[in-house]
Amino acid sequence: MTAKKIDKYTALVMQPHVEVAEDRAGIAKNLDRAINMIDFGVGYFWELPARLVVFPEYFMQGVTTPGKGEHGIDSFMKKAIELDGPEMRRLGEVAKEYNLYIAGGGVVERVKEFPDRWFNTAFIIGPSGEVVLRYHKWHIPASIGLGTSPHDIFDEYKEVFGGDISTLFPVIDTEIGKLGTMTCHDGCTPEVSRALGYNGVEVICHPVALQEVEGVSQPWDFWMFTRRTRAHDNMAYVLGSNWGTVDYAYYPKAFCPGGSFAIDYTGMVQRHAPYPQEQVLGVTIDIESLREHRSRCNHNTWVDVRTEGFRQIYEKPIYPANQFPSGKPPRTLADKMGPVREVFSDLYGRGQFTPPAGKSVADMADLHEQRVRAAQARGTLRKG
């Protein structure tokens with residue numbers, strides 16, 4: 001079958017102001033702002049019409065982190081939504097109006113099959129107004145992510161949603177190219193983007209709520225150099241969307257200080273908003289140029305993959321699966337960090353990590369637990 005030509009189009013990378021919502025009214029306020037930004041973007045970039053919009057993680061509901069402002073599972077469940085609910089239908093109406101694909105992430109999603117927990121969910125809505133892709137964030141950092149990863153409940157999850165790489169890391173073939181998504185911490189290591197690349201992705205929609213303390217700005221612009229690498233590794237566009245500013249009593253306004261970008265399939269930066277303010281970035285997406293680039297063998301990052309030498313890395317689990325089965329959801333961030341003790345024991349026990357001077361292998365797992373207990377005693381981590 002001969003491939004059909006895909007014309008160039010504009011993608012809009014959104015960097016909105018976010019308010020940490022407590023209820024549906026707060027969600028509606030964030031959503032109103034998001035839709036106004038779409039109205040602006042499709043109007044301003046009218047000469048090369050917009051076909052794709054990318055919003056950041058938690059752009060509708062916000063998120064909390066350790067300290068006095070930390071929410072437990074009950075608070076999150078109060079603002080959890082369903083992907084067939086009114087909020088997503090509103091975005092679907094906008095997608096139909098403007099003939100758009102709308103991507104976003106960090107939806108605090110309630111899933112009927114697992115009612116005692118929430119998932120950090122990325123989505124893509126198509127021009128039909130329907131959700132055409134749903135992805136549950138895989139790499140949720142134990143220290144600051146209370147949502148459930150499919151890996152936390154893996155055996156049960158596979159029974160409901162499937163466990164194939166194409167199901168866990170979905171890519172959809174559309175009239176504007178092959179689209180996939182990964183969320184925030186997913187981009188810190190190579191595996192999720194590599195899975196998307198294996199599934200044929202051409203444009204990775206990458207919502208994040210990435211904080212300044214995690215490396216947004218120079219000199220430690222970790223956010224930028226890792227994502228340029230993810231784009232280069234997979235010869236795919238990466239459209240990274242972060243918050244501009246935030247309203248929450250326990251956060252500085254520039255907690256997640258922008259830095260949104262568009263990176264092309266060679267790893268080059270096309271657009272960048274390196275400041276903590278609202279912005280809409282418009283970038284030209286050229287799928288035909290990407291496909292021509294992939295047809296060359298020199299420096300082709302997939303043609304030269306030689307898998308046999310790397311199998312041992314993945315044969316034995318590191319972070320163990322099925323830590324939070326049904327009836328045992330993670331209720332606090334301290335709960336999520338519990339399995340880290342076993343991970344430290346493994347990494348130090350097999351000699352991959354070497355303890356600091358004066359410390360033994362056993363000390364390293366104990367040290368993690370001591371830090372958690374000390375933080376709980378200070379009131380900087382919730383106890384329950």
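The largest cavity holds about 50 Å³ of space. A cavity is a set of points, on a 1 Å grid over the protein atoms alone, where a 1.4 Å probe fits but cannot get out. Points are joined across faces, edges and corners, and a volume is the space filled by probe spheres set on them. The model is predicted, so local features need pLDDT of at least 70 and side-chain atom pairs count only at pLDDT 80 or more, while totals for chains, interfaces and linings use all residues. Residues are numbered from 1 along each chain as its sequence is written, and side-chain values use heavy atoms, with hydrogens and water left out.

The count is one cavity of 30 Å³ or more. Among the residues lining the largest cavity are Tyr58, His71, Trp118 and Leu333. Lining residues have an atom within 4 Å of a point. The lining comprises seven nonpolar, three polar and one charged residue. Here Ala, Val, Leu, Ile, Met, Phe, Trp, Tyr, Cys and Pro count as nonpolar, Asp, Glu, Lys and Arg as charged, and the others, Gly among them, as polar.

Tyrosine 58 also has a positive phi, near 60°, and is not a glycine. Tyrosine 58 sits in the loop between strand E3 (50-57) and helix H2 (73-78). Helices (H or I, at least four residues) and strands (E, at least two) are DSSP runs, numbered from the N terminus. Another loop, between strand E9 (203-207) and helix H7 (222-234), contains proline 219. A cis peptide bond links glutamine 218 to proline 219, with omega about 15°.

The second largest pocket has about 390 Å³ of space. A pocket is an open set with protein on both sides within 12 Å along at least five of seven lines. Its lining has 19 residues, with Lys4, Ile6, Thr174, Glu175 and Arg291 nearest the centre. Strand E7 (171-174) and helix H8 (287-294) each give two or more residues to this lining.

Helices H1 (residues 24-44) and H3 (residues 86-98) pack at about 10°, with axes 11 Å apart. Axes are lines fitted to C-alpha atoms, for helices over the stretch in contact, and angles run from 0 to 180 degrees between N-to-C directions. H1 and H3 are therefore roughly parallel, a term for angles under 35 degrees. Contacts (heavy atoms within 4.5 Å) involve residues including Leu31 and Ile35 in H1 and Leu91 and Val94 in H3. The contact residues divide into 10 nonpolar, five charged and no polar.

Conventions
Parallel < 35°, antiparallel > 145°, perpendicular 65-115°, else oblique.
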